[in-house]
Amino acid sequence: MKTQIEHKIREIADVLFRDMEAGRLDAEGVGVLAGKTGVIVFCEHFLRAFPDPAKEAVLERFLENYFEQLTSEVGMLTYCGGLTGALEGLRYLGCRGLLEVDCSDVENHYREVLQNFAMQGILSENYDYLHGGLGVVAYYLDDTPFVNRALEALERTAEKTGTAWKWVSSLGTDRGTGYNICLSHGMSSIVSVLSRADGAGIDRARRDRIVTGACEYILSQEIDPQRYGNFFPGQSLENDPEHPVYFSRLGWCYGDLGVAAALWQAGRVLRNDRWCAKALEVLRGTSRRRELAPNGIFDAGLCHGAASVALMYHYMYGQTGETLFAETRDYWIGETLRMGRLEEGLAGYGAWHGEEYGGWKREYGLLEGIAGIGLMLLAALANDPKSDQWMRFFMLH
C-alpha cells in the first residue's frame, strides 16, 4: 500500500501547488483548519519528504501574499478559520524548523482582542473549540493569568448536578441550544484542552474540578453499544428526552472516537484509571465499525471522513502501541485511498456537504479538504505517530 499512498500524496501536492500558482486559493482565509495556514503546513511537510525546487518557488510566492493578508486583512479571530489558528500553525512551523517566521508583533497586537473574544465566548454559551472561546484558550495555554480567568469562567457557567457538570452551547443552525458531548464543538473539547493546562501557576484544583465534572457528565450519556451500535450519542440525550437520538457518526468531530480520546487524555493527566479503561473499551469496540454510510462516512476528510477515523487510530496507536489500533488505522487509510476517485474533485476528493447544502464541494484545507487528507497520508507513510505534532490542531496531544 505504500506505493499507492505515495502516489496519492504526490497527486494531492501537484493539485495544491498548481492551484496556488494559478491563484485559486487567493480567496481562502488564513485559518489553520479551514484556510491557507493548513495548506502551508501540508506543503512544508511534503517538501521535507519530497524536495522539489519548482514547488518550493511556488510556495515562496504564495507565502509572500499570505503574510501580506495576515498583517493587513485580519477578519475572523477563531481557531478554525481565523487568526488564532493561523498563529498556532505558524508557531508550529517555526518551532519545528519548517519555516522561518516571527509573528510576535502580530500576536502582541491582537493578544488582548483574542483573549477578550475568548472570555466573551465562554461567558455567552460559545466555548466552541473551532469557532468560540476554547480555541483561543488552547493557543494561550502558556499565559497562566489568562488560563486561570478562563477556568473561573468555565466553572461559573457550568450547570452542576452532583458530580456531573455540563455547559449549554449552540447545537448548530436552526437547532437552538442544548448540551453537546462531542470533541469538535462540545464538552469533550473542554476536557481535552484543559488536560493540556498544566503549566506553573495554573489553578489545578479548579481545572481538575472542571475536567472531572465534564467527564462524569459525558459518561452519564453512555448507551448500550450492542443495542445502538455506538457507545455514546452524537450530542446529549437530554436535548430531546421524548425523542432521544442515540446514533453517532464515526469520525473525529462527533461520536465515540472523540469522546474516547478526551477521556484517555483526562485519565492520564488526572490519573483516573476508570476513564482510561473506558476510552480503550470504546476504541476497541469501535474498531469493528467498518461500514461507510451506516456510520455516517461519505467522504475522506479529517473532520468526519475516512481519513478522520485513520487519524484517531493513528493517534491512539502512538499512545498505546496497541497493534489493533495500527491495523484499524491501516484499514481506514485503504478506504481513504479508495475514495480518491471523484472525477469532479481535487486529486479525486470532494467534501460531501449534503444535498441541502450543495452536495459535493472542492475543499483545500486541513479540516475537510485535500491538505488534511495529504497530511494524514504522509503520517501513515512515515508510521511514527509520536512525530506527528500537527495532530495538536485536532486536540490530539
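E88 is buried in the predicted model, with a relative accessible area of 3% (buried means under 20% relative accessible area, exposed over 50% and partly exposed in between, with a 1.4 Å probe and protein chains only). The residue E88 lies in helix α4, residues 83-95; helices (H or I, at least four residues) and strands (E, at least two) are DSSP runs, numbered from the N terminus. Residues up to four places away in sequence aside, E88 touches Y79, A138, Y139, R392 and F393, contact meaning heavy atoms within 4.5 Å. Residues are numbered from 1 along each chain as its sequence is written, and side-chain values use heavy atoms, with hydrogens and water left out. As the model is predicted, local features need pLDDT of at least 70 and side-chain atom pairs count only at pLDDT 80 or more, whereas totals for chains, interfaces and linings use all residues.

A salt bridge is defined by a side-chain nitrogen of Lys or Arg within 4 Å of a carboxyl oxygen of Asp or Glu. By this rule the count comes to 27 salt bridges. One of them joins R329 and D330, whose closest N and O atoms are 2.9 Å apart. R329 is buried, with a relative accessible area of 3%, whereas D330 is partly exposed at 32%. Salt bridges with shared partners also connect E88, R91, E107, R111 and D143 into one network.

The side chains of K8 and E11 form another salt bridge, at 3.0 Å from N to O. These two residues, K8 and E11, are three residues apart in helix α1 (residues 2-21) and therefore separated by about one helical turn. K8 is buried at 6% relative accessible area, while E11 is partly exposed at 28%.

E322 and R284 also form a salt bridge, with the closest N and O atoms 2.9 Å apart. This pair links distant parts of the chain, 38 residues apart: E322 is in the loop between α13 (306-320) and α14 (323-339), and R284 is in helix α12 (residues 273-286). R284 counts as partly exposed, at 36% relative accessibility.

The largest nonpolar core contains 141 residues, and those with the most contacts inside it are L33, F42, W167, W390, F393 and F394. Such a core is a set of buried Ala, Val, Leu, Ile, Met, Phe, Trp, Tyr and Cys residues joined through side-chain atoms within 4.5 Å. Apart from neighbours within four places in sequence, L33 is in contact with Y79, C80, L130, G365, L366, L367, F393 and F394.

Two helix pairs were examined. Helix α2 (residues 36-49) packs with helix α15 (residues 370-382) at an angle of about 35°, their axes being 9 Å apart. Axes are lines fitted to C-alpha atoms, for helices over the stretch in contact, and angles run from 0 to 180 degrees between N-to-C directions. The crossing of α2 and α15 is left-handed, that is, the near helix is turned anticlockwise from the far one by less than a right angle. In this contact, G38, V39, V41, F42, H45, F46 and A49 of α2 meet A371, G374, L375 and L378 of α15.

For helices α8 (residues 187-195) and α11 (residues 256-269), the packing angle is about 35° and the axes are 9 Å apart. α8 and α11 also cross in a left-handed manner. From α8, S188, V191, S192 and S195 meet G258, V259, A262, Q265, A266 and V269 of α11.
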